[in-house]
Amino acid sequence: MKKLYIETYGCQMNFADSEVVAAILKDMFALTDDIEKADLVLINTCSIREKAEQRIHKRLQELESLKRRHHGLQVGLLGCMAERMKEELLRTEPVLDFIAGPDAYRSLPQLIADSRDAGPRFNVMLSEEETYDNIMPVRYDVNGVSAFVSIMRGCNNFCSYCVVPYTRGRERSRSPKTILAEVKQLLRDGFKEVTLLGQNVNSYYWKDEAGEMTFAKLMAVVAEMSPDLRVRFATSHPKDISDELIETIARYDNICKYIHLPVQSGSDAVLKRMNRSYTRDYYMGRVRKIKELMPECAISTDIIAGFCGETIEDHRQTLEVMREVGYEYAYMFKYSERGGTLSAKRYADDVPDEEKTRRLEEIIALQGELSMVSNQRDVGRTFRVLVEGASKRSQEQFYGRNSQNKVIVFPHGTEHPGDYIEIKVTDCTPATLLGVRV
Ligand code: SAH
Ligand code: SF4
Ligand code: F3S
């Protein structure tokens, strides 16, 4: 059989999509992790910031020499960049044989055959229905313990800075029946943790003859499938994190006490221009509700530094919110203007790059302190840890995660990946907890 090599960039949704792509092509290609042996190379791309795209352009240049050396090699580009740049990419990147947008993966066999016979091809049609719901993803490159399950696609929020609504199209939910069948199969295959995925999972909604399914209900149904299955989710928009959902997370021991709740900015004026549709006050109310029901719950966030019109005072308010929440973890970015988005059309990208960098560095430094404080609080405590495998540094050290999604490293004894064990934390760095088995 011919060999397929897939390289994935961007968010968890893209990694989940690559597993769908592997499934669509599984009768034509066997997967390889050696690019030199591949007959087909697929690059699944991300457009979220300019840097992400620059990285891909560079990678495509590198592939040109590979293609010269391997006669007959085909190269295809998938994902958000395919959707954003469309067929223009076939002109600017001659290494590409075809491109396929996020909703066009079922047409890959056709694109592969047509481009081989008749030159460059593309399909960047978006769909209002496609959820790949009947496709069982091929789980390659996973630890056998933890898997992603995509439950919805697209986004309707149109945050003013963001390309996702354009690259992934309208929001649509996947049928609960196929989601539950997929989780059941994962359980049979020995997986111990699932992360329900979507750009905005808490607006998941399904209705049919069998009744209504909200995200909170879906979480409960999945959690009840097995007490030994851990359930996580990503990402939740603060506007949709309902009391019902927070109560559901609190009610089930096996729903992880970890919520990624991107704030983006602490300033109401900036939030308004970002079209985030909540205020700082509202956001803090949600955080209080979470901490009231689950004092042990970890919260992480995304923050954008230097958005259009952001003043020093706006920036100070972001730092203030970070301290007030005491985030366990944060993903932090400089604002990057994306063509076609509302902010690119409406607002000047007027914070100078050095100033964006300065603000970002301040945010990163503060988060370092907050993560350290949070980790130090855990020293002396005992956690139930799901073992994932050997740590990168040494075979004698294993690692796993606690419910709060913190990585804990411990000396390897008799445990195997997939076991639950109790670990007492003895020390920490800003990024990891260190512990021993009790
Ligand atoms: N759907 C998720 C996040 C998707 S993108 C949500 O709404 O939370 C991940 C993160 O990238 C965003 O939360 C945001 O912080 C960042 N991001 C998105 N567009 C950006 C841009 N143009 N410049 C800088 N950061 C951006
Ligand atoms: Fe982008 Fe906003 Fe949708 Fe998240 S919710 S994907 S930031 S538009
Ligand atoms: Fe990137 Fe697309 Fe995900 S732009 S972050 S790969 S949805």
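**A colleague's note on the predicted model**

1. Let's start with the ligand shell. Ligand 2 is surrounded by Cys155, Asn157, Phe158, Cys159, Tyr161, Cys162, Val164, Pro165, Gln199, His237 and Arg276. By class, seven residues of this shell are nonpolar, three are polar and one is charged. Please keep in mind while reading that this is a predicted model.

2. Next, a peptide bond to look at on your screen. Ala234 and Thr235 are joined by a cis peptide bond, with omega at about -5 degrees. Thr235 belongs to the loop that runs between β13 (230–234) and α9.

3. Helix α9 (residues 243–251) and helix α11 (residues 280–293) have axes that come within 10 Å and cross at roughly 25 degrees. Angles under 35 degrees count as roughly parallel, and α9 and α11 are therefore described as roughly parallel to each other. The crossing of α9 past α11 is right-handed. On the α9 side, the residues in the contact are Asp243, Ile246, Glu247 and Ala250, and they meet Arg286, Lys289, Ile290 and Leu293 of α11. Four of the contact residues are nonpolar and four are charged, with no polar ones.

4. Helix α12 (residues 312–325) packs with helix α14 (residues 353–378) at an angle of about 15 degrees, and their axes are 10 Å apart. α12 and α14 are therefore roughly parallel to each other, and their crossing is right-handed. From α12, the contact takes in Ile312, His315, Thr318, Leu319, Met322 and Arg323; these meet Glu355, Arg358, Arg359, Glu362, Ile363, Leu366, Gln367 and Leu370 in α14. Sorted by class, this contact has six nonpolar, three polar and five charged residues.

5. The loop between β14 (258–260) and α10 (268–273) holds Gln264. Gln264 is not a glycine, yet it has a positive phi of about 70 degrees.

6. Strand β18 (residues 397–401) and strand β19 (residues 407–411) pair in the antiparallel sense, over five bridges. Phe398 has Phe410 in β19 as its bridge partner. Five residues lie between the strands of this hairpin, and Asn405 takes a positive phi near 75 degrees there.

7. Finally, which strand pairs with β19 in the parallel sense? Strand β21 (residues 433–437) does, over two bridges. Here Val409 has Leu434 in β21 as its bridge partner.

Notes. Residues are numbered from 1 along each chain as its sequence is written. Chains are lettered from A and ligands numbered from 1 in the order in which they are written. This is a predicted model: local features need pLDDT of at least 70, side-chain atom pairs count only at pLDDT 80 or more; totals for chains, interfaces and linings use all residues. Side-chain values use heavy atoms; hydrogens and water are left out. Two strands pair if DSSP finds at least two bridges between them. Helices (H or I, at least four residues) and strands (E, at least two) are DSSP runs, numbered from the N terminus. Axes are lines fitted to C-alpha atoms, for helices over the stretch in contact, and angles run from 0 to 180 degrees between N-to-C directions. Angles under 35 degrees count as roughly parallel, over 145 as roughly antiparallel, 65 to 115 as roughly perpendicular and the rest as oblique. A crossing is left-handed if the near helix is turned anticlockwise from the far one by less than a right angle, and right-handed if clockwise. Contact means heavy atoms within 4.5 Å. Ala, Val, Leu, Ile, Met, Phe, Trp, Tyr, Cys and Pro count as nonpolar, Asp, Glu, Lys and Arg as charged, and the others, Gly among them, as polar. A residue is near a molecule or strand if one of its heavy atoms lies within 4 Å of it.
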